[in-house]
Amino acid sequence: MMKPPTEEAAAAPITVYWDIKGCPVPDGYDPRRVDPCIKRYLRNLGYSGPITITAVGVLSEVPKDILEAVSTTGISLLTCAYDPTDMIDLSLDYFQLDPTPSNMMVISSLPDYVPPNFVNENGRGGYYDIFPFPFDSTPEAAEYLWKYSLLGLADPSVLVEEDNCNDTSGESVRWVCPACHDLLGQGFENFITHLSSPEHEHEVYIKKPSLPNLENGLTPVVRPFLKP
Ligand SMILES: [Zn+2]
């Protein structure tokens, strides 16, 4: 059971990193529910700050209809050259660029190592962590998280959170490609075009590690657009 947030954390912005390949929405669930259901989940826990959700992974390998569905509900896209092996590590690289106080939630399989001070209800210098991960890396754990926690809490008919005033057209989708020198973009079709461009394929090719699992697939960068 999650503890209620401190007064400072409750009012602070929340950044959610979602490993969309490692922890996909279960079959039969509308991916457009992810954004409003995560927001509802956080509001139910007592958080009132602005919420930014980013889907992370090799997004060229995610079905286009799922990507489009989640992105048009206001979720940003961050495509990696290769799948991240440690979402805590990757997220902390980005998270610690945020002004304090701020909150982070990661949705991914549990990595092999969790820093001992990662879960600290008093915050780490104003940085607060919000669980959940799934508790292990099996597909069943991911499915359980979605069905009985993130998606299970909300009315299935809920598609739009009351504070979600985003333009839900594909043109408003925000995305970033760290492989291509932190290229920032807007618009879903522009994103799809970028993924299949020779320039992108070249950058991904030369950034693939010669040995697997040595890096998490991203270089820490400033990410000016990922905030509301
Ligand atoms: Zn690119």
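My entries on the sheet and its neighbours follow.

**Ground rules.** I am looking at a predicted model, where local features need pLDDT of at least 70, side-chain atom pairs count only at pLDDT 80 or more, and totals for chains, interfaces and linings use all residues. Residues are numbered from 1 along each chain as its sequence is written.

**The sheet.** I found an open sheet of seven strands with mixed pairing, in the order β5-β4-β1-β2-β3-β6-β7. Strands (E, at least two residues) and helices (H or I, at least four) are DSSP runs, numbered from the N terminus. Two strands pair if DSSP finds at least two bridges between them.

**Around β3.** I looked up β2 (residues 51–57) and β3 (residues 76–79), which run parallel and are joined by four bridges. Thr 54 stands opposite Ser 76 of β3. β3 also pairs with β6 in the parallel sense, over two bridges.

**Around β6.** Val 176 in β6 is the bridge partner of Leu 78, and Leu 184 in β7 is the bridge partner of Val 176. β6 and β7 run antiparallel, with four bridges. They form a hairpin with five residues between them, and His 181 in the turn has a positive phi of about 55°.

**Side chains of β6.** Arg 174 and Val 176 point one way, Trp 175 and Cys 177 the other way, and all are buried (20 or more other C-beta atoms within 10 Å of the residue's own, with C-beta atoms placed from the backbone).

Definitions and conventions: Buried ≥ 20, exposed ≤ 12 C-beta atoms within 10 Å, placed from the backbone.
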